[in-house]
Amino acid sequence: MARSDNGNQGSGEEVDFSELDWMTKCEILRNNPVTVMRRFEKRVDALMTHLLLSPAQPIDEVEDYFYRVEFQARGSPHIHLLAWVKGAPEFENQSDQEVCDFIDHYITCQLPDPTTDPELPLIVTEVQLHSRKHSKSCKKGNVLCRYGFPKLPVSKTTITRPRPQRPEEDEKEDQNRPDRKKARQEAVQKAMNDARMKLKPLWDLLNDPQASFDNLTC
């Protein structure tokens, strides 16, 4: 339960957030900015004190951290946090495999077991899962989801790198021969279109609200 003035000075009302729709929740947040920020600050403090910096060390020993608070268009605050972890591999100075092993050791992408903790799966599903029920902000640009969700499943972390830059001589040759540059661009576009066509059946399956992935392995 929470108490809100709903924009009317001096007239309080008790509401149960779990029974409200999304737009009503956003309206209450906009009408109570001080209360929202005080609660948000306490939640961030609890995150740092009782989780990341606690003796449990869920991501190992945090030597330093930095975060900044940002606000979405609807007024909800959130943080972007950068943490320096003791003994973490250094990207580019250590092998890709060491970096991937470190990430996979601390980060998982699966729903918790509801038999061991019935409440945790509900929380993760509500606040951490980018589901197939996309919001209006996802559909900007006349696409199903401009962020590309749902993502294709993978069993382990991989590091992708940009294609190596072509030698300067090739760049000059393309400038001197427009036909060669056009042929190269057409070949790249054809490869991208072929890849999209091959992935389309899987993309359609991922976005099918009737599909089940309880037994999906990869």
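Colleague: Of the 218 residues of the chain, what share counts as buried?

Modeller: Buried means under 20% relative accessible area, exposed means over 50%, and partly exposed lies in between, with a 1.4 Å probe and protein chains only. In this chain of 218 residues, 13% count as buried. Please keep in mind that this is a predicted model, in which local features need pLDDT of at least 70 and side-chain atom pairs count only at pLDDT 80 or more, while totals for chains, interfaces and linings use all residues. Residues are numbered from 1 along each chain as its sequence is written, and side-chain values use heavy atoms, with hydrogens and water left out.

Colleague: How many helices and strands does the chain have?

Modeller: Helices (H or I, at least four residues) and strands (E, at least two) are DSSP runs, numbered from the N terminus. The chain has six helices and four strands, and from the N terminus on their order is β-β-α-α-β-β-α-α-α-α.

Colleague: What span should helix H6 have, and how far apart are its end C-alpha atoms?

Modeller: The expected span of a helix is 1.5 Å times one less than its number of residues. Helix H6 covers residues 178–206, so its 29 residues should span 42 Å, and the end C-alpha atoms are 41 Å apart, which agrees.

Colleague: Where in H6 does a kink lie?

Modeller: The bend at a residue is the angle between axes fitted to the seven residues ending there and the seven starting there. In H6 a kink of about 45 degrees lies at lysine 200, shortly before proline 201.

Colleague: Which residues form a nonpolar patch on the surface?

Modeller: Like charges are joined within 9 Å, and nonpolar side chains (Val, Leu, Ile, Met, Phe, Trp, Tyr) within 5 Å. Accessible areas come from the Shrake-Rupley method with a 1.4 Å probe, and for residues only the protein chains shown count as cover. Here Leu152, Leu199, Leu202 and Leu205 form the patch, with about 310 Å² of accessible area together. Leucine 152 lies in the loop between helix H4 (119–127) and helix H5 (168–176), and it counts as partly exposed because its relative accessibility is 40%.

Colleague: What is phi of glutamine 57 near?

Modeller: Phi of glutamine 57 is near 45 degrees, a positive value in a residue other than glycine. Glutamine 57 lies in the loop between helix H2 (33–52) and strand E3 (62–71), where aspartate 60 is also found, with phi near 75 degrees.

Definitions and conventions
Patches are made of residues with over 30% relative accessible area and no salt bridge: like charges are joined within 9 Å, nonpolar side chains (Val, Leu, Ile, Met, Phe, Trp, Tyr) within 5 Å. A salt bridge is a side-chain nitrogen of Lys or Arg within 4 Å of a carboxyl oxygen of Asp or Glu.
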